[in-house]
Amino acid sequence: MTKSTEVEKPTRGFNLTEFFRETKEELSKVVWPDRQRLIGESAAVILIVSLSAAVIYLVDELFRWLATLIF
């Protein structure tokens with residue numbers, strides 16, 4: 001077995017300053033999308049959600065109609 005080269009610090013509780021420093025460091029690594037990509041992907045999500053809702057509605061209406069025929 002190999003030992004990890006990273007040594008963990010003993011935890012003494014929550015350190016707000018350390019939290020914000022690490023959060024800022026992680027956010028600097030994020031690759032943010034440009035405006036065109038953001039709009040395109042948002043439109044795709046809205047389209048897929050709308051289509052899914054329409055299909056669910058149509059299936060629900062089909063079952064409702066079948067239930068009135070059977071019962």
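My notes follow, from the whole chain down to single side chains.

**Ground rules.** I am reading a predicted model, where local features need pLDDT of at least 70 and side-chain atom pairs count only at pLDDT 80 or more, while totals for chains, interfaces and linings use all residues. I number residues from 1 along each chain as its sequence is written, and side-chain values use heavy atoms, with hydrogens and water left out.

**The chain.** I found two helices and zero strands; both are DSSP runs numbered from the N terminus, helices being H or I with at least four residues and strands E with at least two. How much of the chain is buried? I noted 0% of the 71 residues, where buried means under 20% relative accessible area, exposed over 50%, and partly exposed in between (1.4 Å probe, protein chains only).

**Helix H1.** I looked up residues 16-27 and saw twelve residues reaching 16 Å from first C-alpha to last, close to the 16 Å expected; the expected span is 1.5 Å times one less than the number of residues.

**Aromatic rings.** I searched the whole structure and found two aromatic pairs, counted when ring centres of Phe, Tyr or Trp (its six-membered ring) lie within 6.5 Å; planes under 30 degrees apart are stacked, over 60 edge-to-face, and the rest tilted. Phe-14 and Phe-19 have ring centres 5.6 Å apart and planes at 50°, so I wrote the pair down as tilted. Phe-19 and Phe-20 have centres 5.5 Å apart and planes at 65°, so that pair is edge-to-face. Phe-14 counts as exposed at 64% relative accessibility, whereas Phe-19 is partly exposed at 40%.

**Salt bridges.** How many does the structure hold? I noted six, each a side-chain nitrogen of Lys or Arg within 4 Å of a carboxyl oxygen of Asp or Glu. Arg-21 has two partners in my notes: Glu-18, with the closest N and O atoms 2.5 Å apart, and Glu-25, at 3.3 Å. Arg-21 and Glu-18 are three residues apart in H1, while Arg-21 and Glu-25 are four apart, about one helical turn. Further along, Glu-61 forms a salt bridge with Arg-64, at 3.7 Å. These two sit three residues apart in helix H2.
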